[in-house]
Amino acid sequence: MNTFTIEEIEQALSQTKINEFYFSQGLVESKSSVNYAPIVDYLTGVTPVLNSLQQDHKLYFCKSLLNLIGSIEKISAKEQLVLNVFNDPLLQPIFPYFLNPKMINDLYLNPSSEILHTVQTFLRQQGLNADDEFSVIATVSVYYDQQGLEIPDGVVKNYLLNALRNKGHLLYPYHMSMSFAPQVAWVKSYFKLLEEIDSQFTEEYIEAGLFFLDDELIRFFMEYKSGSYIKVIEKILQQYDREDVEMIRAKLISASRFYQVIPDRFGSIVKSVSYDYLVKYRSDASMARWEHRIPETSLQELLHIQQFPLSTVAVHYLFTLNHTKASELIKHLIERKAFVDVRTIMVLHHHLGNEAFEYIEQIVEYIGAAGGVDYYRELFSYLQKISTAEKYIYVLWKMGMNKSNQIKTFAAELLAANDPEAETKAIALLDHKKGEVRLFGAKILSLLSSANSKRAILNVLHKEQNDAARDLLLESISSSLPADADDAFIQQMIEGAAQRGKLQKPVEEFLDESKLAPLYKADGTAATPETIRFFLYRMSRLNKMQSDTEGNYIIQTLDKAKAAPFALQLLQLYKEKHFKPEHKYLLAAAALLGNDEVTDKLRTITNTWIEEGRYKMAEYGVGALALQGSDKALRWVEWYSRKYRSKKANVGAAALTALEQAAEELNISTHELGDRIVPDFGFDGLYKSFTIGNEEYRAFIDSKFKLAFFNEDNKQLKAIPAAADAALKEEFKAIAKEVRDVVKSQSPRMEYYLIVQRRWSFAAWQAFFLNNPVMFIYATKLVWAVYANEHTIETTFTCNEDSSLIDVNHDEVSIPEEAMIGMVHPTQLAPAVLQQWQQFLFDEKVDQVFPQLDRKIPDLSAINLHTTILHQYEGRHMQTGSIRSTLERYGWHKGPTGDGGMLESMRLLYFEKKLEAILEVEGVGAGYGWGMDEKLGRLYVIDKTKTTTRWDTYPKNEEDEKLVAFDQLPPIFMSEMLAAIEAIKQVETAKS
């Protein structure tokens, strides 16, 4: 037969190994490719011509088809079909990266002249020149190296020797990596081959191998021919162009490694090359950004750190071998403001002890903002371990001169906590001639709210020219300012701003007060242009969605009912200026002065930003809605928090934060705020009465969340009476639509409350669930419990349609007023009780709004709950697309994106407890519709109060302080987390 059978193809696709380089993608994954069917039809003879292949990330399954080819020496007619597949335009460019390793493998296993000739033929067909052909064929030496064998005499060795002799110059082999990029490899068997040609070749090859030097290669040189090549290596390391940075870098890496093994022979070399490296480092600022990091044994033992920048290694060796020269060079480095790594500072302290602080102070002063706040955080963590407070506090004050606001804040926090004289020194800084220094003093005082600092702040508040410093000072004394300001207080504020030159012109040219809609005070008089200018000036100081202390005093005097035209005009001007981020304070100003019409505008603008992918601006829009503060606005904020909990998670997180801030201002919890903003549609309890003609009717919401109507005889009607006027029909039509929206929001919200185990007081539960027409339906569809404490249930019940509360036996229950009520999670019920309630719901035909009692319960018996990182899912192969789709359905969201647009993790946030579960993943695409071989990784939970960035560094081991042990997690959160992971679909046949 000149075609393959389907069994042969499936066997080839199922094979684990294709050759020494590539592994099969698996039969299941191969079948999921859109190209699987046309390729199989062609190979089995169903179609005589291969249809054009389609772009598909799973197309790489074709590499497994090479398993259908035996030896490349003789290609049969049906094996040629496989090669024809690879001639498709989509596969042709990558075919060599599949075929060439297979050919080399065949040549390695059967080094015959026939195989060699076939390989050469194929390589020439690929357009390779003689040198490239040699490089591919020379890869066989890699295989002999791996086996610890010598290249045997014969056709392959003769080919390599002849090629080298005929060319007269050194040719390098390479091996094909999984990324399809050729990489130079230092191969011992190839090195021995060169010995037979020319000693010059061996020296060139050794020099080229300096970049690949490792412990194994060092041992090889020390043992091979009694270490005769050590002298050659010494000569190579001593000869280099001192202007060639790359060469110096390679020589330093090599010299340092040989020095660790043979210090007496390589001491002078490592000293010389260390000096040359630091000289180049001093003059080339870009070197710090691209420094190699290498292990260095003596430093590892000393500092318990695995990797060190080359500049650190060079400083260490220079101090070790020439202390005087090292000291001079360090001074020059600092004077030239070269970047000094924290690890280098550790080395300085090791060699100089407390004398190193003279250098450290200068480094902090000269390096400035180049280090970044993480640099200073690491530095001072180290300084606190090795020195007294007196020494590192002096260094901290030096950082007051830094131009970075983040670094100033970091230093201010440390000084406020550690320097007993911080307040006195900071007060003195308020009179400094430099605004940046006054800002540093303000930062410290903002953290020290003593009566003395408040008096000092009040003395300079209206004089401070630096707005950033003044804002901090104002914030630090805001609690001491009056809640309500009189006219004299407000006038003093405005005059102070005028004297500081802040009101000489409008904040923006387009905010000319004479062209803005008027604002009116509560007494009916118009606010003065100066007042409006001051208000807009203060709002312009905001960099996030919040109110301003001084701006609020102006708002207190205004008639907000008449302020909507002004607010709408601000939004229109903002739109005309293309919603530039620097003008976002207009959102806050409009929100603070706006009504429901402004709320609608804010929502429209926010939706536009989301559609345009301007997610940071959308976060501001959500914040502005929360700032507006009406129940309608907050309902939309809550909607955003749910809508974008997984997708566009930044927007959802911003909405949650905004709700938290709004609740804080109202002195209630976010959950209570969520209850408060559920509308009642004007119902009186569970019903809304209305009259048509002389007839009385009642509207209510039925068990399917639909509007229904009763007449005076309590007979349910199919629809609102036809005699109702158009306005009434339109009102109920709007109510019906809003009910649907409320259900969309409340169903996931209630499920979330089940997971986080929210509790209500019995009075609050009755008010919310028994008196709201929509929430009453939820009361009848869920099973509730009276909790004696966080976990102990006293009784379980549900709500009947007549508002009575009954247990699983249909007996009415009496609940004490002091009781706490919550939804039952199935893990909290004994198996028999759980089964009783499931039967109850079935018998009563209760259609639950979400799975409450039928939730999947994971098996915890095989899990070590005392650990902080679970490895049991690690390496598990999952069906393409299943990881992300399943977890997002369970409320998880995407983590950061790594190389190639692949997600690094999926995450589940428990906002109230500040916990976040992280499941590391591989092969999951950041966009839908693409990915690779999807696998699960480690699972752990971090304490968000101990994180400093949105995407934290992944923990190295179980001892990371951010990690939370699984047995310390809320049990239901852990159950839901594990259930979601267990729901992901595995591939049918896992790869070995």
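How many bridges join strand β9 (residues 760-761) to strand β13 (residues 820-823)? Select both strands and you will find 2 bridges, with the strands running antiparallel. Strands here are DSSP runs (E, at least two residues), numbered from the N terminus, and two strands pair if DSSP finds at least two bridges between them.

Before moving on, a word on what is loaded: this is a predicted model, where local features need pLDDT of at least 70, side-chain atom pairs count only at pLDDT 80 or more, and totals for chains, interfaces and linings use all residues. Residues are numbered from 1 along each chain as its sequence is written, and side-chain values use heavy atoms, leaving out hydrogens and water.

Stay with β13. Serine 761 stands opposite methionine 820 in this strand.

Next, go to phenylalanine 705, in the loop between β6 (695-701) and β7 (707-710). Its phi is positive, about 60 degrees, although it is not a glycine.

Then pick asparagine 714, in the loop between β7 and β8 (716-717). This non-glycine residue also has a positive phi of about 60 degrees, but asparagine 714 is exposed (over 50%), at 51%.

Finally, colour by pLDDT, the predictor's confidence in each residue from 0 to 100. The protein averages 86, yet residues 17-24 stay under 50, with 34 contacts (heavy atoms within 4.5 Å) beyond four places in sequence.

Technical notes. Helix = DSSP H or I, 4+ residues; strand = E, 2+ residues; numbered from the N terminus. Buried < 20%, exposed > 50% of the residue type's maximum accessible area, 1.4 Å probe, protein only.
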